[in-house]
Amino acid sequence: MEKLLAKKGIEFLSYTDEEGSQISYAFTNNMLKQGIIVVLSEWQYEPDEEEEESEEWEETVETNGEEQEAWEEEATEDSEAAPESLFETTVSVILTKGGVSYEFGIYADDRAVVPVIFLYRVILDLVDIISGSDADSLLEVLESVSTTVSSSDDYADDPETKSQVYNLTVEHVEKAARLLAEK
């Protein structure tokens, strides 16, 4: 996808984080100067066994006798059918404006393999939307195409969390700039 996006003037840079997730940043030079990037995140993780065990315990306490045996058989069948890994692919736009950070959730998918053309099209359209919007209407435009919106101002009652959320966004933008410099 990197070469396809490069033909459209879009940088696409990736790295693997400490948890093994693949993180990719897509942006034009102008977007990066403004502190706006598209983030593609691909996670693979194991189901949380502690949650499953606590649910089993609650059900065990509530059942007895023959019901218990039937439940144990059903639980064994369910655990055999449970996936060994869960997947999540997300695309979002992050930016800072006026001392506030924003994240616009655009796309989320839990399939093991998401067609690359879907992701390419989403990224291409987002860059086009961002590039075609003026600074005054950008937040409104991004909100209109998003499934979720969050900002550091959502944590106005907790200054420490608000600062952490803002700094995380800044770190992503700085990481994108470092990856571009290393290219």
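Below are questions and answers on one predicted protein model.

Residues are numbered from 1 along each chain as its sequence is written, and side-chain values use heavy atoms, leaving out hydrogens and water. In this predicted model, local features need pLDDT of at least 70 and side-chain atom pairs count only at pLDDT 80 or more, while totals for chains, interfaces and linings use all residues.

Me: In what order do the elements of the protein run from the N terminus on?
Reply: Helices (H or I, at least four residues) and strands (E, at least two) are DSSP runs, numbered from the N terminus. The protein has seven helices and six strands. From the N terminus on, the order is α-β-β-α-β-α-α-β-β-α-α-β-α.

Me: What percentage of the residues in the protein is buried?
Reply: Buried means under 20% relative accessible area, exposed over 50%, partly exposed in between (1.4 Å probe, protein chains only). The protein has 183 residues. The buried share is 34%.

Me: Of the contacts with a separation of 6 or more, what percentage joins residues 24 or more positions apart?
Reply: Contact means heavy atoms within 4.5 Å. Among contacts in the protein with a separation of 6 or more, residues 24 or more positions apart account for 60%.

Me: Why does Val-93 count as buried?
Reply: Val-93 is found in strand E4. Leaving aside neighbours within four places in sequence, its contacts include Ile-36, Ile-37, Val-38, Leu-126 and Ile-130. Val-93 counts as buried because its relative accessibility is 0%.

Me: How far apart in space are Val-93 and Tyr-25, C-alpha to C-alpha?
Reply: In sequence, Val-93 and Tyr-25 are 68 residues apart. In space, C-alpha to C-alpha, the distance is 9.6 Å.

Me: Is Val-127 buried or exposed?
Reply: Val-127 is found in helix H5. Beyond four places in sequence, Val-127 is in contact with Ile-10, Thr-28, Met-31 and Val-38. Its C-alpha is 9.5 Å from that of Val-93, 34 residues away in sequence. At 5% relative accessibility, Val-127 counts as buried.

Me: Which strand holds Ile-23?
Reply: Ile-23 is buried, with a relative accessible area of 5%. Leu-13 is ten residues away in sequence and 8.4 Å away in space, C-alpha to C-alpha. Other contacts of Ile-23 include Val-39, Leu-40 and Ser-41. Ile-23 lies in residues 22-27, strand E2.

Me: What is the relative accessible area of Thr-89?
Reply: Thr-89 is found in strand E4. Among its contacts beyond four places in sequence are Leu-40, Tyr-107, Val-114 and Leu-119. Thr-89 is buried, and its relative accessible area is 6%.

Me: What is the volume of the largest pocket?
Reply: On a 1 Å grid over the protein atoms alone, a pocket is an open set of points where a 1.4 Å probe fits, with protein on both sides within 12 Å along at least five of seven lines. Grid points are joined across faces, edges and corners, and a volume is the space filled by probe spheres set on the points. For the largest pocket, this gives about 470 Å³.

Me: Which element gives the largest share of the lining of the largest pocket?
Reply: Lining residues have an atom within 4 Å of a point. Of the 26 here, the closest to the pocket centre are Ser-92, Ile-94, Glu-103, Leu-168 and His-172. Seven residues, the largest share, come from E5.
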